[in-house]
Amino acid sequence: MTENHPELQQPAHGPKHKKDLTRRKVVVAGAGAAVAVGAAGTLAASGAFASETSTAASASSTSTAAEACYRLTSETTEGPYYIDADKIRRDITEDKEGIPLTLQLKVIDSETCKPVANAAVDIWHCDALGIYSGYESLSTGGGGGGGSAPTDAPSGTPSGTPTGEPPSGAPSGGTGGGGHEEPTDDERYLRGTWRTDKHGQVTFKTIFPGWYRGRTVHIHTKVHVDGTWTDAGYEGGHTCHTGQFFFDEESVLASAEVEPYSTSTTERTTLTEDTIYDQSGTTGGLLKLKYNKKNIAKGVIGSITMGVDPDTTNDGTSL
């Protein structure tokens, strides 16, 4: 992580944690209430991003009373297309077209419920047509200008759990980890790393992801702790969480009506068909989304709280 950001020059040791062999994993009070604070506010993605400071301040005053301790968030494979945090930034959009997405994340210790401050959070995902930066020649998405929006039941979609190895070059999220691929180009759009504040919160500005063959719509994430923020970025520490964020079917179908998503000719895998999402809702990475149901193109706010174990290492390469 190698960019020059003087404002990040401070230790990132975070709170000390004592290992408990019977770690408490408490169900959230009210299954429907499990998400990050601060999701209220304007639906305009750019406005929500700009108002991050005020949102976090108001949220912190109510977070203690409003949120119970979360389960440990599901660990998933890193996948083959991870590039180690070489873009220290919150706005990862670059020039990519798509529905504006403001991603509001919070990281807490799933045992103590305390925010994990100064953690480095990575996110990366494909563009509106399923292409990953750094791996454009290997990605299996694409559009032809004549595609039509997918339906709830894509034709030709196999049932059951796929067997065998994933296709060569295909982005993988399978239980075998997919194996890391070396980057094939210098593009780095839709990738970024930023630091959690004292409330454990971090906000990214990006676009709603598209889809590619064999996977539902998703965003990858990693949480690094016990490192140090310097003028060179983030150094040391370990990865305590590797996961993915997911989108409900209603939002994906709505996005598929908007260009450039509507030009995709790639068959889509639904949320229930995906082999990585464990169907456990928030614990499994399902985002809470806010958007104008009549016009999703105006922007989406996605939020979630990740319950992590800062004492463990989960780098997503051995799942």
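A residue counts as buried when its relative accessible area is under 20%, and as exposed when that value is over 50%. Keep that cut-off in mind as we walk through this predicted model.

Now step back to the overall layout. The protein has 3 helices and 9 strands. Followed along the sequence, these elements come in the order β-α-α-β-β-β-β-β-β-α-β-β. Of the 319 residues, 53% are buried.

Next, look at the charged pairs. The whole structure contains 6 salt bridges. One of them joins glutamate 78 to lysine 222, with 3.0 Å between the closest N and O atoms. Because glutamate 78 sits in the loop between helix 2 and strand 2 while lysine 222 belongs to strand 6 (residues 218-230), this pair ties together parts that lie 144 residues apart in sequence. Both glutamate 78 and lysine 222 are buried.

Another salt bridge pairs arginine 89 with glutamate 94, and here the closest N and O atoms are 3.0 Å apart. Glutamate 94, at 39% relative accessibility, is partly exposed.

Arginine 268 and glutamate 249 form a further salt bridge, their closest N and O atoms being 3.1 Å apart. This pair links distant parts of the chain, 19 residues apart: arginine 268 is in the loop between helix 3 (249-255) and strand 8 (288-291), and glutamate 249 is in helix 3 itself. Arginine 268 is buried, at 2% relative accessible area. Glutamate 249 is buried as well, since its value of 18% is under the 20% cut-off.

Finally, turn to the surface. Which residues gather there in a patch of negative charge? They are Asp95, Glu97, Glu136, Asp186, Glu187 and Glu259. Let us pick out aspartate 95, which is found in the loop between helix 2 (52-66) and strand 2 (100-109). Why does aspartate 95 count as exposed? Its relative accessibility is 63%, and exposed means over 50%.

Notes:
Residues are numbered from 1 along each chain as its sequence is written. This is a predicted model: local features need pLDDT of at least 70, side-chain atom pairs count only at pLDDT 80 or more; totals for chains, interfaces and linings use all residues. Side-chain values use heavy atoms; hydrogens and water are left out. Patches are made of residues with over 30% relative accessible area and no salt bridge: like charges are joined within 9 Å, nonpolar side chains (Val, Leu, Ile, Met, Phe, Trp, Tyr) within 5 Å. Accessible areas come from the Shrake-Rupley method with a 1.4 Å probe; for residues, only the protein chains shown count as cover. A salt bridge is a side-chain nitrogen of Lys or Arg within 4 Å of a carboxyl oxygen of Asp or Glu. Lys and Arg count as positive and Asp and Glu as negative; His and the chain ends are not counted. The place of a charge is taken as NZ of Lys, CZ of Arg, CG of Asp or CD of Glu. Helices (H or I, at least four residues) and strands (E, at least two) are DSSP runs, numbered from the N terminus. Buried means under 20% relative accessible area, exposed over 50%, partly exposed in between (1.4 Å probe, protein chains only).
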